[in-house]
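Here's a quick tour of a protein model for anyone who likes to look at cores, surfaces and charged pairs. Have the viewer ready and follow along.

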Amino acid sequence: MAELDIGKHCSIGSCSQKDFLPFVCDCCSGVFCIEHRSLESHSCPKIPVKKEVLTSGGSTSYLCTFEDCKGKELLPVLCPHCHKNFCLAHRHQDDHKCEKLEMPKPRMAATQQLVKNIVESKKGLPASKGRKGAKSSATAAKVALMKLKLHATGDKGLPQTERTYFQVWLPKEAKDTSLPMFFCSKWSVGKAVDYAASLAGLKNNNNVLTAKKLRLCHPQTGEALRMDDTLLSWLAHSECPLYNGGNVILEYMDNECTELEDVSAYLTQP
């Protein structure tokens, strides 16, 4: 009986180790053993070259590779899918038209169309007041939640049952007006603030006594949420709850300040 030829040899000439379960590189399509499976270990020729520019101060800046964008960051912002470097504004697959971006599946496309139809049907309706206003906010949040789940960023290791989605309105001096994010409902408000700041690339001096503090504020009342409260406690608040799929405001505030003066200035930013 003829012997079965199972497995393949590593593409590294100096190795050529035969592996029964070889690894295929997503970038160069080469076949490698476990020792040479990483991009760095087999010097993958498809790894994009990071554009680095030395400033006069001697520090290194990383230029965005998206078309004619001239944005740059002090730290590399690599897309985990195409492995190219981008600025914060183009870090998401949709924003830089990622070549590895998967087309929406039929079910997702149908959901997107449903959301669009609901949003269109709500246009032109008069705003509700009083108790009806709270009910309207909850309904709007449910519609927004469907949209947020398609684009929000967060810790992908969180169980779906513990995820809470918000459209986070950022400080006025931030590069983006707002960003969709998700957090663990069991987190404290303080932890959510730190995580949101890291996702948005904001300076966070909450550990500096005399500095302005980043605070998470209620989108209706402008109240700064207590840092040791949990998000879950605010979702279950009896009088003025936060809604999963609703808005929250992230802003720098003086230590003695307990609420924002003009909430509408955030939610109506262009």
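## Ground rules

This is a predicted model, where local features need pLDDT of at least 70 and side-chain atom pairs count only at pLDDT 80 or more, while totals for chains, interfaces and linings use all residues. Residues are numbered from 1 along each chain as its sequence is written, and side-chain values use heavy atoms, with hydrogens and water left out.

## Overall make-up

The protein chain has 5 helices and 11 strands. Those are DSSP runs numbered from the N terminus: helices are H or I with at least four residues, strands are E with at least two.

Of the 270 residues in the protein chain, 34% are buried. Buried here is under 20% relative accessible area, exposed is over 50%, and partly exposed is in between (1.4 Å probe, protein chains only). The chain exposes about 17,400 Å², with 54% of that supplied by carbon and sulfur atoms; accessible areas come from the Shrake-Rupley method with a 1.4 Å probe, and for residues only the protein chains shown count as cover. Among contacts (heavy atoms within 4.5 Å) with a separation of 6 or more, 44% are between residues 24 or more positions apart.

## The cores

In soluble globular proteins, nonpolar side chains tend to be buried together. The largest nonpolar core here has 31 residues, and V168, L170, M181, F183, L202, L216 and L250 have the most contacts inside it. A nonpolar core is a set of buried Ala, Val, Leu, Ile, Met, Phe, Trp, Tyr and Cys residues joined through side-chain atoms within 4.5 Å. Two or more residues each come from α2 (130-151), β8 (163-169), β9 (178-184), α3 (189-200), β10 (213-217), α4 (231-235) and β11 (247-253). The largest share, 7 residues, is from α3. Apart from this core lies another one of 8 residues, including C217, A224, I249 and L260.

Leaving aside neighbours within four places in sequence, V168 is in contact with T177, S178, L179, M181, F183, V248 and L250.

## Salt bridges

A search of the whole structure turns up 6 salt bridges, each a side-chain nitrogen of Lys or Arg within 4 Å of a carboxyl oxygen of Asp or Glu. One of them pairs K97 with E67 at 3.8 Å, N to O. K97 is in the loop between β7 (72-73) and α1 (106-122), and E67 is in the loop between β6 (60-63) and β7, so the pair links distant parts of the chain, 30 residues apart. Both K97 and E67 are exposed.

Another joins K186 and E162 at 3.3 Å, N to O. This pair spans 24 residues, from the loop between α2 and β8 (E162) to the loop between β9 and α3 (K186). K186 is exposed, at 55% relative accessible area. Then there's R226 with D229, whose closest N and O atoms are 3.5 Å apart. Salt bridges that share partners tie R226, D228 and D229 into one network.

## Out on the surface

I6, F20 and L21 make a nonpolar surface patch of about 370 Å². Patches are made of residues with over 30% relative accessible area and no salt bridge, joining like charges within 9 Å and nonpolar side chains (Val, Leu, Ile, Met, Phe, Trp, Tyr) within 5 Å. I6 sits in the segment before β1 (8-9) and counts as partly exposed because its relative accessibility is 45%.

E35 is in the loop between β4 (31-32) and β5 (52-54), and is exposed at 56% relative accessible area. E35 and C15 are 20 residues apart in sequence and 9.5 Å apart in space, C-alpha to C-alpha.
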